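Please read this briefing alongside the sequence and the 3D view.

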Amino acid sequence: MAEPGEFTKRAFLNGRVDLTQAEAVMDIIRAKTDKAMNNAVKQLDGSLSNLINNTRQEILNTLAQVEVNIDYPEYDDVEEMTTKLMQEKTAEFEALLSNLLNTARRGKILREGISTAIIGRPNVGKSSLLNNLLREDKAIVTDIEGTTRDVIEEYVNIKGVPLKLIDTAGIRETDDLVEQIGVERSKKALQEADLVLLVLNASEPLTDQDRQLLEISQDSNRIVLLNKTDLEEKIELDQLPTDSIKISVLHNQNIDKIEERINQLFFENAGIVEQDATYLSNARHISLIEKALESLQAVNQGLEMGMPVDLLQVDMTRTWEILGEITGDAAPDELITQLFSQFCLGK
């Protein structure tokens, strides 16, 4: 029987693909939307590999030039020339890797989705909102408070971006042991969420529970939703954020405005994917780019302190090696084994 990832691993070991392309195979399999799949396909085609390899080659050229200037000086001011070269190239590499790292947020969203917690006190319409967004009756909806006892997780595609929707138990004081556990899980989901949808009942005045939820969620990426606007409005609008969205889940009113607000919060109206852009989405890649930037910053600090250029070559070389770990040129065998063990059988 074939081992997990055996065929892709063979392609990697035989030089047919590099490590970023091998990882893209698994990203294609796990993609939850077309945009996530397209991003993985571009990585499989070598968009990230080419960027990393070109940068490594430029670093190698810089190191070679510095080495030549040190070993074969033709002018008295060779040290000054070499320092200037290092400063210019380090700034260039740092800008390139920083720009790549800036794509990590969008790339991670494409790969893993936006963790979205739907919170509110009992019976304000959280489960109804979940069902509306999913276009199916996933959560049980009744007029009885505390119907949702546990955290329900489902994925929904919003304009090509996966949202990991988490319908939480209504947060309130309760003597019911099972419901208490659900409430604690709801509070944990709130803390860990990338986005919070706080649902309030617009047909009732604000309660102490509503005010508590407004307070504990104010520092998060939050969208306040005023549900049940098809009924007489009794909620105190002057005590709510001015950008709250009035909705009626029952009549499917203004649900599209939630999607627009998510786009504003996370993608600055620029759209999630720019054509031909290269996005970092893999946690391993992100970590290594951060380490490479740290090495470049060490070079900059050394230059500012007037350290000899030949000593700073160590940090520049380290940057070259770290980038090689991304493509697999300098990756240890243990990492290769561990990565391919996450694949499906065969593949």
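A salt bridge is a side-chain nitrogen of Lys or Arg within 4 Å of a carboxyl oxygen of Asp or Glu. By that rule, the structure holds eleven salt bridges. The model is a predicted one.

**Salt bridges**

- One of the salt bridges joins the side chains of Arg121 and Glu204, with 2.7 Å from N to O. Arg121 sits in the loop between β1 (114-119) and α7 (126-134), and Glu204 sits in the loop between β4 (195-201) and α9 (208-216), so this pair ties together parts that are 83 residues apart in sequence.
- Are the two partners buried or exposed? Arg121 has 8% relative accessibility and counts as buried because the cut-off for buried is under 20%. Glu204, at a relative accessible area of 31%, is partly exposed.
- Asp208 and Arg211 also meet in a salt bridge through their side chains, at 4.0 Å from N to O. Both residues lie in helix α9, three residues apart, which is about one turn of the helix.
- Asp208 has a relative accessible area of 65% and is exposed, while Arg211 has 34% and is partly exposed.
- In helix α12, Glu321 and Arg318 are placed three residues apart, about one turn of the helix. Their side chains form a salt bridge with an N to O distance of 3.8 Å.
- Glu321 is partly exposed at 34% relative accessibility, and Arg318 is partly exposed at 34%.
- Glu58, Lys89 and Glu92 are connected to one another in a network of salt bridges.

**Overall make-up**

- The chain contains 13 helices and six strands.
- It has 347 residues, and 46% of them count as buried.
- Among contacts in the chain with a separation of 6 or more, 70% are between residues 24 or more positions apart.

**Nonpolar cores**

- The largest nonpolar core has 26 residues. Which of them touch the most other members? They are Ile52, Met86, Leu97, Leu280, Ile289, Met316 and Leu323.
- Two or more residues of this core come from each of α4 (47-71), α5 (78-102), α11 and α12. Helix α11 gives the largest share, eight residues.
- Another core lies apart from this one and has 25 residues, including Leu130, Ile158, Ile255 and Ile258.
- Met316 can be followed through its contacts. Leaving out residues up to four places away in sequence, Met316 touches Ile59, Leu63, Met86, Thr90, Phe93, Leu296 and Val299.

- Helix α6 covers residues 104-112, and its buried residues include Ala104, Arg106, Gly107, Ile109 and Leu110.

- Gln21 belongs to helix α2, which runs over residues 19-30.
- Is Gln21 buried or exposed? Gln21 has 15% relative accessibility, so it counts as buried.
- A polar atom of the Gln21 side chain lies 3.0 Å from the backbone oxygen of Leu44.
- Not counting residues up to four places away in sequence, Gln21 touches Gln43, Leu44, Asp45, Gly46 and Ser49.

**A nonpolar surface patch**

- Which residues form a nonpolar patch on the surface? Met305, Met307 and Leu311 do, and together they have about 320 Å² of accessible area.
- Met307 is found in the loop between α11 (283-304) and α12 (309-327). With a relative accessible area of 32%, Met307 is partly exposed.

**Asn157 in strand β2**

- Asn157 is part of strand β2, residues 152-158, and counts as partly exposed at 44% relative accessibility.
- Asn157 and Leu133 are 24 residues apart along the chain, and 8.9 Å separates their C-alpha atoms.

Methods
Residues numbered from 1 in each chain as written. Predicted model: local features only at pLDDT ≥ 70, side-chain atom pairs only at ≥ 80, totals over all residues. Heavy atoms only, no water. Helix = DSSP H or I, 4+ residues; strand = E, 2+ residues; numbered from the N terminus. Buried < 20%, exposed > 50% of the residue type's maximum accessible area, 1.4 Å probe, protein only. Contact = heavy atoms within 4.5 Å. Polar contact = N/O pair within 3.5 Å; in protein donor to acceptor, adjacent residues only side chain to side chain. Patch = residues over 30% accessible without salt bridge, like charges linked within 9 Å, V, L, I, M, F, W, Y side chains within 5 Å. Areas by Shrake-Rupley, 256 points an atom, 1.4 Å probe, with all protein chains shown as cover. Core = buried A, V, L, I, M, F, W, Y, C linked by side-chain atoms within 4.5 Å.
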